[in-house]
Amino acid sequence: MTNLSILLSDVIGGHRLTEPEATLLLNTRGRHVLSVAFAADEMRERRTGNVVTYVKNQNLHVTNICKNLCGFCGFGRRADDEGAFCNDKSAIQEKARLALKRGVTEICLLSGVHPDFSIDTYCDILSWVLEIGPHIHLHAFSPDEVSHAASVHNLSSTEVLTRLKAAGLGSLQGTAAEILVDSVRKVICPRKLNTAEWVRIIKEAHSLGIPSTATIMYGSYETARDQAEHLGILRTIQDETNGFTELVPLSYLHSNTPLYKTGISRAGATGREDILMIAVSRLFLDNFDNIQVPWGKVGLKMAQIMLLSGGNDLAGTMFSDDVSANAGAVDADYLDPVIMQRMAVDLGRSLKERTTLYGVV
């Protein structure tokens, strides 16, 4: 057996991967990529069976005005930029009504970190949506938005999270993580909170009974070693809190972003890297049940391959994803469950609708 075969056999047998071993797997080349994917698919079957899950959700974009203007983002605008918007109560509630007509169970509030937003603004937004659909699960706000609200009011992040939960927040977005390595963050998102603060706020949310997703944005400036360090941080948090519902890998969309246009980043992840991110995440994150496939960022055919490489969840119907579209994605707006069904059945698996927190619908 080769060293790779021995390592994969050991993982299937219960060995917990180290970060250097994860780095090795993320750097796999040639036909050995398929060996890593095969092992990850076996691990996926053990953990979640032969079911592909999804949630009926709708993204609701609040504003694209953002204090951060990260180099990897094509969505954020300054307030006086052409195309800048900030939806008011009426517009937000109109979008919420449309979501209810579509039968969604989750509304995902997506927003830039507006410099003028306060904790009162965030609580108002939650209340506006819940006026229209009091039963809807609200998946909203990143640790960076929590940090911003805390700084505006000179509050602790725990106080902010407590108020958001009381106002109806169902789960926190594990976004603003990008790559949890500060040397990378200084290049790709220098105005965002640092790694330690992101970790602290996520842990506080989990301690308050607010679950969250975990994310990784890969394919921009980071190395495989950085990716493995990021996954290590997520696994350590999950060991402590068990508060992550899933991993959401986000393949960097480069074409309309300043980071790429100025030559700092590479041109996004390759197909090999997309497969290995899903596969290595499944093998490394032994305390995560759910690994999501980012169909809006990689396309449906690659998404199906990722379901054969350790992924078990097709995210949601979404209905709109302006963040991905503005960065250069095509067909990132809506995925009909009929198409999801075709994708799953074609792989010999079944499709089941879930709630945000992976309950049965």
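This is a predicted model: local features need pLDDT of at least 70, side-chain atom pairs count only at pLDDT 80 or more; totals for chains, interfaces and linings use all residues.
In which helix does Asp274 lie? Asp274 belongs to helix 12, which spans residues 271-284. The structure holds 16 salt bridges, and the largest pocket has a volume of about 180 Å³.

**Asp274, a buried charge**

- Asp274 is buried yet takes part in no salt bridge.
- The nearest side chain of opposite charge is that of Arg266, 9.1 Å away. Because a salt bridge requires the nitrogen and the carboxyl oxygen to lie within 4 Å, Arg266 at 9.1 Å does not qualify as a partner of Asp274.
- Leaving aside residues up to four places away in sequence, Asp274 touches Tyr218, Ser251, Ala269, Val298, Met302 and Met306.

- Asp289 pairs with Arg47, with 2.7 Å between the closest N and O atoms. This pair links distant parts of the chain, 242 residues apart: Asp289 is in the loop between helix 12 and helix 13 (295-298), and Arg47 is in helix 3 (residues 32-48).
- Asp289 is partly exposed, with a relative accessible area of 39%, and Arg47 also counts as partly exposed, at 33%.
- Arg354 forms a salt bridge with Glu246, the closest N and O atoms being 3.5 Å apart. Here too distant parts of the chain are linked, 108 residues apart: Arg354 is in the segment after strand 9 (350-353), and Glu246 is in strand 7 (residues 244-251).
- Both Arg354 and Glu246 are buried.

- Glu204 and Arg200 form a salt bridge whose closest N and O atoms are 3.1 Å apart.
- Both residues lie in helix 9 (residues 195-207), where Glu204 and Arg200 are four residues apart, about one turn of the helix.
- Glu204 counts as buried because its relative accessibility of 16% falls under the 20% limit. Arg200, at 36%, counts as partly exposed.

**The largest pocket**

- The lining of the largest pocket consists of Leu300, Lys301, Gln304, Ile339, Arg342, Met343 and Asp346.
- Helix 14 (300-307) and helix 16 (337-346) each supply at least two of the lining residues. Helix 16 contributes the largest share, four residues.

Technical notes. Residues are numbered from 1 along each chain as its sequence is written. Side-chain values use heavy atoms; hydrogens and water are left out. On a 1 Å grid over the protein atoms alone, a cavity is a set of points where a 1.4 Å probe fits but cannot get out, and a pocket is an open set with protein on both sides within 12 Å along at least five of seven lines; lining residues have an atom within 4 Å of a point. Grid points are joined across faces, edges and corners, and a volume is the space filled by probe spheres set on the points. Buried means under 20% relative accessible area, exposed over 50%, partly exposed in between (1.4 Å probe, protein chains only). Lys and Arg count as positive and Asp and Glu as negative; His and the chain ends are not counted. Contact means heavy atoms within 4.5 Å.
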